[in-house]
Amino acid sequence: MAQMSKEEIRRILEDAGCDEEYINRFLLAWEQGTLKECLCLLSCRRGKLLECVHTAQQRLDCLDHLRHELQKQVKE
C-alpha cells in the first residue's frame with residue numbers, strides 16, 4: 001500500500017473536524033515516524049468524537065420521548 005502524502009493526511013484530519021493544533025501535532029509525529037503516537041492521537045480523538053455521538057443520541061432520545069408523550073395526548 002502506498003504511503004499517504006502530508007496533504008492527504010491534513011485533508012482527512014480537517015474533514016474529521018480536527019483543529020490546526022491537533023493537525024500539526026499529528027503531522028509532527030507522522031513526520032518523525034512515531035506511528036504509535038499517531039495511532040494514540042487518533043484513538044483519543046475517536047474516543048472524544050464517540051462521546052459526542054453518545055451525548056447527542058441521549059438528547060435525541062429525550063426529545064423522542066417527549067414527542068411520543070405529546071402524540072399520545074393528541075390521540076386521546
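At what angle do helix 1 and helix 2 pack, and how far apart are their axes? I looked this up first.

**Ground rules.** I'm working from a predicted model, where local features need pLDDT of at least 70, side-chain atom pairs count only at pLDDT 80 or more, and totals for chains, interfaces and linings use all residues. Residues are numbered from 1 along each chain as its sequence is written, and side-chain values use heavy atoms, with hydrogens and water left out.

**Helix 1 and helix 2.** The angle comes out at about 145°, with the axes 10 Å apart. Axes here are lines fitted to C-alpha atoms, for helices over the stretch in contact, and angles run from 0 to 180 degrees between N-to-C directions. Helices are DSSP runs (H or I, at least four residues), numbered from the N terminus. I noted a right-handed crossing for this pair (the near helix is turned clockwise from the far one by less than a right angle). Contact means heavy atoms within 4.5 Å. By class I get seven nonpolar, one polar and five charged residues. Nonpolar covers Ala, Val, Leu, Ile, Met, Phe, Trp, Tyr, Cys and Pro, charged covers Asp, Glu, Lys and Arg, and the others, Gly among them, are polar.

**Helix 2 and helix 3.** Next I checked residues 20-31 against residues 35-75: the angle is about 155° and the axes are 7 Å apart. Helix 2 and helix 3 are therefore roughly antiparallel, the label for angles over 145 degrees. Their crossing is left-handed, which is the anticlockwise case. Helix 2 brings Tyr22, Arg25, Phe26, Ala29 and Trp30 to the contact, and helix 3 brings Leu35, Glu37, Cys38, Leu41, Leu42 and Arg45. I sorted these into eight nonpolar, no polar and three charged.

**The core.** What is in the largest nonpolar core? I find 11 residues, among them Ile9, Leu13, Tyr22, Phe26, Trp30 and Leu41. Such a core is a set of buried Ala, Val, Leu, Ile, Met, Phe, Trp, Tyr and Cys residues joined through side-chain atoms within 4.5 Å, and buried means under 20% relative accessible area. Helix 1, helix 2 and helix 3 each supply at least two residues, and helix 2 gives the most, with six. I also followed Leu13: leaving out residues up to four places away in sequence, Leu13 touches Cys18, Tyr22, Ile23, Phe26 and Leu42.

**Leu60.** I ended on helix 3, where Leu60 lies. Leu60 is partly exposed at 45% relative accessible area (between the 20% and 50% cut-offs, 1.4 Å probe, protein chains only).

Technical notes. Angles under 35 degrees count as roughly parallel, over 145 as roughly antiparallel, 65 to 115 as roughly perpendicular and the rest as oblique.
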